[in-house]
Amino acid sequence: MVYVLVFDQHTEKILVVENLNSWCLPGGKREECESLIDATIREAKEETELEVEVAELINVNEQIAEKHILFFTFRGYIIEEKKRITI
């Protein structure tokens, strides 16, 4: 799983998306043969309609239950905005 943390330094806001009954960072599953960076860019665009540039890896978490799942969180920056987002 990949996620992107987009922080706007001017407004001091973090970009989040609503999933079911909660809010989280944009992200999701990596597709077969897809790099972590490409998956992060794709998921951000699918969930927000924003083009993002992915920077450094800032966090790795894991969940061990029925499956062992790794969660990668990258820092990101908006490089193209197709629609205005207001909060």
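Two residues are in contact here when heavy atoms of theirs lie within 4.5 Å. The structure is a predicted model, in which local features need pLDDT of at least 70 and side-chain atom pairs count only at pLDDT 80 or more, while totals for chains, interfaces and linings use all residues. Residues are numbered from 1 along each chain as its sequence is written, and side-chain values use heavy atoms, with hydrogens and water left out.

The protein chain has 1 helix and 7 strands; these are DSSP runs numbered from the N terminus, with helices (H or I) of at least four residues and strands (E) of at least two. Along the sequence the elements follow the pattern β-β-β-β-β-α-β-β. The C-alpha atoms fill a box of roughly 40 × 30 × 20 Å along the principal axes. The radius of gyration, taken over C-alpha atoms, is compared with a globule rule of 2.2 Å times the number of residues to the power 0.38. For 87 residues a compact globule would come out near 12 Å, and the 13 Å of the protein chain agrees with that.

Burial is expressed as relative accessible area: buried means under 20%, exposed over 50%, and partly exposed in between, with a 1.4 Å probe and protein chains only. By this scale 28% of the 87 residues count as buried. The accessible areas come from the Shrake-Rupley method with a 1.4 Å probe, and for residues only the protein chains shown count as cover. The protein chain exposes about 6400 Å², of which carbon and sulfur atoms supply 51%. Among contacts between residues at least 6 apart in sequence, 47% join residues at least 24 apart.

Isoleucine 58 is in strand E6 (residues 50–64) and is partly exposed, at 33% relative accessibility. Leaving aside neighbours within four places in sequence, isoleucine 58 is in contact with Leu5, Thr73, Phe74 and Arg75. Its C-alpha atom is 15 Å from that of isoleucine 41, 17 residues away along the chain. Threonine 73 lies in strand E7 and is buried, with a relative accessible area of 12%. With neighbours within four places again set aside, the contacts of threonine 73 include Tyr3, Leu5, Leu25 and Ile58.

Tyrosine 3 is also part of an aromatic pair. Rings of Phe, Tyr and Trp (its six-membered ring) pair if their centres lie within 6.5 Å; planes under 30 degrees apart count as stacked, over 60 as edge-to-face and the rest as tilted. The count by this rule is 1 aromatic pair. Tyrosine 3 and phenylalanine 71 form a stacked pair, with 6.4 Å centre to centre and 25° between the planes. Because tyrosine 3 lies in strand E1 (residues 2–8) and phenylalanine 71 in strand E7 (residues 68–81), the pair ties together parts that are 68 residues apart in sequence. Tyrosine 3 is buried, at 19% relative accessible area.

Glycine 28 belongs to strand E5 and is buried, at 8% relative accessibility. Apart from neighbours within four places in sequence, glycine 28 is in contact with Met1, Val2, Tyr3 and Glu43. Glycine 28 and phenylalanine 72 are 44 residues apart in sequence and 9.9 Å apart C-alpha to C-alpha.

The charged side chains come next. A salt bridge is a side-chain nitrogen of Lys or Arg within 4 Å of a carboxyl oxygen of Asp or Glu, and the structure holds 6 of them. One joins arginine 42 and glutamate 31, at 3.6 Å from N to O. This pair links distant parts of the chain, with arginine 42 in helix H1 (residues 36–48) and glutamate 31 in the loop between strand E5 (27–28) and H1, 11 residues apart. Arginine 42 is buried, at 17%, whereas glutamate 31 is partly exposed, at 43%. Arginine 42 also meets glutamate 43 in a salt bridge of 3.1 Å, N to O, and both of these residues are buried. Glu31, Glu34, Arg42, Glu43 and Glu46 are linked in a network of salt bridges. In another salt bridge, the closest N and O atoms of glutamate 51 and lysine 45 are 2.5 Å apart; glutamate 51 is partly exposed at 22%, and lysine 45 is partly exposed at 30%.

Threonine 48 is in helix H1 and is buried, with a relative accessible area of 6%. Its side chain reaches the backbone oxygen of alanine 44 at 2.5 Å and the backbone nitrogen of leucine 50 at 3.1 Å.

Technical notes. Polar contact = N/O pair within 3.5 Å; in protein donor to acceptor, adjacent residues only side chain to side chain.
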